[in-house]
Amino acid sequence: MRVSNTMTQDATKPRWTLADLVDLERYPIHRPDTDAYRVTVDEAQIGLRSVGCAVIKELVKPDGVRQLNNEIVARKHTTHFSTQVINPYFHMSANPDYPERHPVNTFLERSSGFIPGDSWDDQCATDALFRAPELAAFMADCLEIPAMHCYADPLAGLTANILDPGQQFTWHFDTNDYAVTVLVQEADEGGLFRYHPGIRSAGDEGFDAIQRVLEGDDEGVHTLDLAPGDLQIFRGRYSLHAVTRVPAASRPRHAAIFAYTAEPGVVGRLERTRQLFGRVLPAHEEAERQRVRSDTLID
């Protein structure tokens, strides 16, 4: 694996540390007793309450960003790329139980790739950041919840999303409760994150509002132009979201995706796992028999 000259890891050092990767002077996420920590959390809470999203600008240091991108590039050959026409719930077939003009029966192109969770190892900087208890505790404070748990899915917990030239990730919902994204390499143009916060809830599917967005209504839709190193905290289970197409002449867009849940032990559905990763593992088959879910949404 190639690493930048400034971030060569000592072979005797078991894991990357937060100080290697995160700008702890600006964002002391390891020191919840400090004023700087409290200010950062307060600002994130305001963003999450008002627009359903918080962006911590340049949380990952430039050298850290380079290391994360080196790790993505080194594993890019394991990416499962697919092009499908899906509804926001990752279904590909019409459902006669719903009207023709309905989110369940509205299908748009998704063309992107994911590096699966089992491509990473515990010596990776990407894995160390994902599993850092200080980061999880910081994000739980931002989200005003007691705790966050690493998504137990062995393929979808820690991933990297790849948008090569010409690809887009259309409107969809996440299976996990919370997504934390670090933009690692931005596209030359395009590749913008768009979302409608809180368009559904655990008790309300919000079909009418979702259909309006699918048909091009931008009311309530926010667009983020993220920069490398920015960390985004997002309620992806309840907010419809997409990434716009990366033009054919652009470089790829790379993003590290850290998935978390409010309850421990959550594993993704079989159908969606096959769509995103091209395969399933025994853990997915077992979880399908013993679902651990935080809601009863159609997915």
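This is a predicted model: local features need pLDDT of at least 70, side-chain atom pairs count only at pLDDT 80 or more; totals for chains, interfaces and linings use all residues.
Me: Why is His196 called buried?
Reply: Buried means under 20% relative accessible area, exposed means over 50%, and partly exposed lies in between (1.4 Å probe, protein chains only). His196 has a relative accessible area of 16%, so His196 is buried. His196 is found in strand S8 (residues 193-196). Strands (E, at least two residues) and helices (H or I, at least four) are DSSP runs, numbered from the N terminus.

Me: What does His196 touch?
Reply: Contact means heavy atoms within 4.5 Å. Leaving out residues up to four places away in sequence, His196 touches Val213, Glu219, Gly220, Val221, Ser239 and Leu240.

Me: Why is Ala283 called partly exposed?
Reply: The relative accessible area of Ala283 is 35%, and therefore Ala283 is partly exposed. Ala283 has its place in helix H8 (residues 282-289). Not counting residues up to four places away in sequence, Ala283 touches Pro154 and Val267.

Me: How do you know that S2 and S3 pair?
Reply: Two strands pair if DSSP finds at least two bridges between them. Strand S2 (residues 80-86) and S3 are joined by 7 bridges and run antiparallel. Phe81 stands opposite Gly113 in S3.

Me: What makes S3 and S5 a pair?
Reply: There are 3 bridges between S3 and S5, in the antiparallel sense. Here Gly113 has Ile162 in S5 as its bridge partner.

Me: What makes strand S3 mostly covered?
Reply: Of the 8 residues of S3 (residues 108-115), 6 are buried.

Me: What makes a set of residues a nonpolar core?
Reply: A nonpolar core is a set of buried Ala, Val, Leu, Ile, Met, Phe, Trp, Tyr and Cys residues joined through side-chain atoms within 4.5 Å. The largest nonpolar core has 47 residues, and Ile29, Leu129, Leu135, Phe138, Phe258 and Tyr260 touch the most other members. Helix H5 (residues 133-143) gives this core its largest share, 7 residues. A second, separate core of 24 residues includes Cys53, Leu183, Val243 and Ala259.

Me: Which residues of H5 are buried?
Reply: Leu135, Ala136, Phe138, Met139, Ala140, Cys142 and Leu143 are buried in H5. The buried residues of H5 pack against helix H2 (35-51), strand S1 (53-56), helix H4 (125-131), S7, S10 and S12.

Me: Why is a space called a cavity?
Reply: On a 1 Å grid over the protein atoms alone, a cavity is a set of points where a 1.4 Å probe fits but cannot get out, and its lining residues have an atom within 4 Å of a point. The structure holds 2 cavities of 30 Å³ or more. The largest cavity holds about 500 Å³ of space, where grid points are joined across faces, edges and corners and a volume is the space filled by probe spheres set on the points.

Me: Which residues lie nearest the centre of the largest cavity?
Reply: Phe114, Phe169, His172, Asp174 and Ile257 lie nearest the centre, out of 32 lining residues.

Definitions and conventions:
Residues are numbered from 1 along each chain as its sequence is written. Side-chain values use heavy atoms; hydrogens and water are left out. On a 1 Å grid over the protein atoms alone, a cavity is a set of points where a 1.4 Å probe fits but cannot get out, and a pocket is an open set with protein on both sides within 12 Å along at least five of seven lines; lining residues have an atom within 4 Å of a point.
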